[in-house]
Amino acid sequence: MNFSEAFKLSSLLCRFSPDGKYLASCVQYRLVVRDVSTLQIRQLYTCLDQIQHIEWSADSLFILCAMYRRGLVQVWSLEQPEWHCKIDEGSAGLVASCWSPDGRHILNTTEFHLRITVWSLCTKSVSYIKYPKACQQGVTFTRDGRYMALAERRDCKDYVSIFVCSDWQLLRHFDTDTQDLAGIEWAPNGCVLAVWDTCLEYKILLYSLDGRLLSAYCAYEWSLGIKSVAWSPSSQFLAVGSYDGKLCFFLQVRLLNHVTWKMITEFGHPAAINNPKIVVYKEAEKGPPLGLGRLSFPPPLPLAAPLSASESKYEIASVPVSLQTLKPATDRANPRMGVGMLAFSADSYFLATRNDNVPNTVWVWDIQKLRLFVVLEQLAPVRSFLWDPQQPRLAICTGGSKVYLWSPAGCVSVQVPGEGDFPVLSLCWHSSGDSLALLSKDHFCLCFLDTEEGVHTAVEQRDSHA
C-alpha cells in the first residue's frame, strides 16, 4: 500500500471523474483537475466565489461548480478549456444543483424549494418544474438515465412525478399514501421506486414505473420509524434501517425481497456478542517499541504522541464481547440512535451497517446466509465507510490519521504517513478499486492499493468464515 503526497483541499470537495481518468478538487474558489495516473495538474479554473459543491457530468467532459451563497453555477469543459458557462438564479436563490444523466442539462433547485429550473447547455433553453418537496432525498434518476422521479408537495399532500429525461415530459403523476414523505430512490434496475415516510412513522411504499402501488410495508406503529434505506446493486433486496429496539440497543435492519416485497429477515444490533461463530475484531493501540538503552521518565515530549497519531492493530476478541454504547438523549431532537448507515457491497454479498448508539462498531452481514459475518469495533466513532466498487472490500475512517480496510480475508489498520496529523474525515474510491482518496479538513491524498484478492492483513479470518 502506497500513499501520494498531500494536496490542499477545501470543504471535502474531491471527486474522481466517472471514467476514472481525472480527479477534481477545490481550494476555496479554485477548481483543480489532475490526471489520476500522474497526479499532475491538467486544468486549473477560477470561479467567482468559494465553491460549495462540485459534480462531474456522466461522460466526464464537464464539471459543475455551485456557489449557493451567490446563487451561481459555473460549468467548465475539459476538452475546450476556453469554453465556460455561468448560470445565475438571481433573486430566486440556489440550494441544490445537479447534472441530468445525459450531461447536457443542469437542474437547479431554488430557495424554499419553489421550483426546479432545468437548463440546457446545448439549446440554452430553460424549463421549470414546480412544487419540489424539501426532503431528505427528493430527486432520483434511473441508472440508465431515462427517467427522473421527483417528490412534490402541494395542497398539504405528497405526490411523485416521473419525467422522461430526454425531453422533460411528464410521464406519470400520482399521490403517495404518506404523512410527510422523507425520500425516494429507484432500484438499480429502474423498475421499482421506493418511497418512505417521515421518521415519525414506519412506512415504505414500492411503486412501478407506471405509478402502480406494488406493495406497502409497515413493521410497527406508534414509534419512531425509518432512518436509512439502501438497495442492493442486484435490485433483489431492500434494506431498511430503523429506530426501534426490542432490547437495549437491539436496533433493527429489515431485509425485503424483490419477489413478494415482504420481510425475509431482520438483523439485530445487540450491545453484546455471545455467538462464538462470529468473529469480533477490536482495534487496539500498539505499544511503543522498547529500546535496549536507558529509558527516561517521564518520556520526552516528542514521544508523547496523541492517540490519533499512534499506530494500532486489530485483535480477535474472545466472546462474549461487550460493545461500547451511548445512551441516547431521547428528550432532544435527532437522538443518536437507530441504524443510520447502510451499504451493500458491489456484488450484493455483504451489507455493512452502523447503529448510531454503538458508534464505534461496524457490522458486516452475509446476505447469502442471512447472518452476521463479522463485527469491527474501533477505538473512535466511525465517521464513514465505503465499499470498493469492484470487490467486497470495505474502507472505514474514524476521523483519526488511519484508514481501515476489511475483506473476507481479514482486516488491517494503516497509518497515513506524513508530517503532522492527517485526520481522515471522508473517503472516495476510484472506479477501478485500485486507489482511494482520503479527505481531511484542509488536505487530501491518494492511497494506492493492491488489486489482488482481498487485503494483505496481519489478522486472518477464522477457517469457518473462509
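Predicted model: local features only at pLDDT ≥ 70, side-chain atom pairs only at ≥ 80, totals over all residues.

Biologist: How do you know what confidence the predictor has in the protein chain?

Modeller: The pLDDT is the predictor's confidence in each residue, from 0 to 100. Its mean for the protein chain is 91, and 90% of the residues reach 70 or more. Over residues 290-308, however, the pLDDT is below 50, and this stretch has seven contacts (heavy atoms within 4.5 Å) beyond near neighbours in sequence. Residues 453-466 also have a pLDDT below 50, with 44 contacts in the model beyond near neighbours in sequence.

Biologist: Why is Ser120 called buried?

Modeller: Buried means under 20% relative accessible area, exposed means over 50%, and partly exposed lies in between, with a 1.4 Å probe and protein chains only. Ser120 has a relative accessible area of 7%, and is therefore buried. Ser120 belongs to strand S13; strands (E, at least two residues) and helices (H or I, at least four) are DSSP runs, numbered from the N terminus. Leaving aside residues up to four places away in sequence, Ser120 touches Arg104, His105 and Ser125.

Biologist: What makes strand S20 mostly covered?

Modeller: Strand S20 spans residues 192-196, and five of its five residues are buried. Val192, Ala194 and Trp196 lie on one side, Leu193 and Val195 on the other, and all are buried, so both faces are covered by the definition.

Biologist: How do you know that S20 pairs with strand S19?

Modeller: Two strands pair if DSSP finds at least two bridges between them. Four bridges join S19 (residues 183-186) to S20, so the two strands meet that definition; they run antiparallel. Ile184 stands opposite Val195 in S20. S19 and S20 form a hairpin with five residues between them, and Gly190 in the turn has a positive phi of about 75°. S20 is also joined to strand S21 (residues 204-208), by five bridges and again in the antiparallel sense, with Leu206 in S21 as the bridge partner of Ala194.

Biologist: Why are strands S15 and S18 placed at the edges of their sheet?

Modeller: The open sheet has four strands in the order S15-S16-S17-S18, with antiparallel pairing. Strand S15 (139-141) and strand S18 (169-175) each have a single partner strand, so one side of each is left without a neighbour in the sheet. Within this sheet, eight bridges join S16 (residues 147-154) to S17 (residues 157-164), and Ala151 stands opposite Val160 in S17.

Biologist: Which bond joins Val319 and Pro320?

Modeller: A cis peptide bond joins them, with omega at about 0°. Pro320 lies in the loop between strand S29 (312-316) and strand S30 (321-322).

Biologist: What makes a space a pocket, and which residues lie nearest the centre of the largest pocket?

Modeller: On a 1 Å grid over the protein atoms alone, a pocket is an open set of points where a 1.4 Å probe fits, with protein on both sides within 12 Å along at least five of seven lines; lining residues have an atom within 4 Å of a point. The largest pocket is lined by 39 residues, of which Gln137, Arg143, Glu185, Leu386 and Pro389 lie nearest its centre. Strand S39 (residues 426-429) gives the largest share of that lining, four residues.

Note on methods. Residues numbered from 1 in each chain as written. Heavy atoms only, no water.
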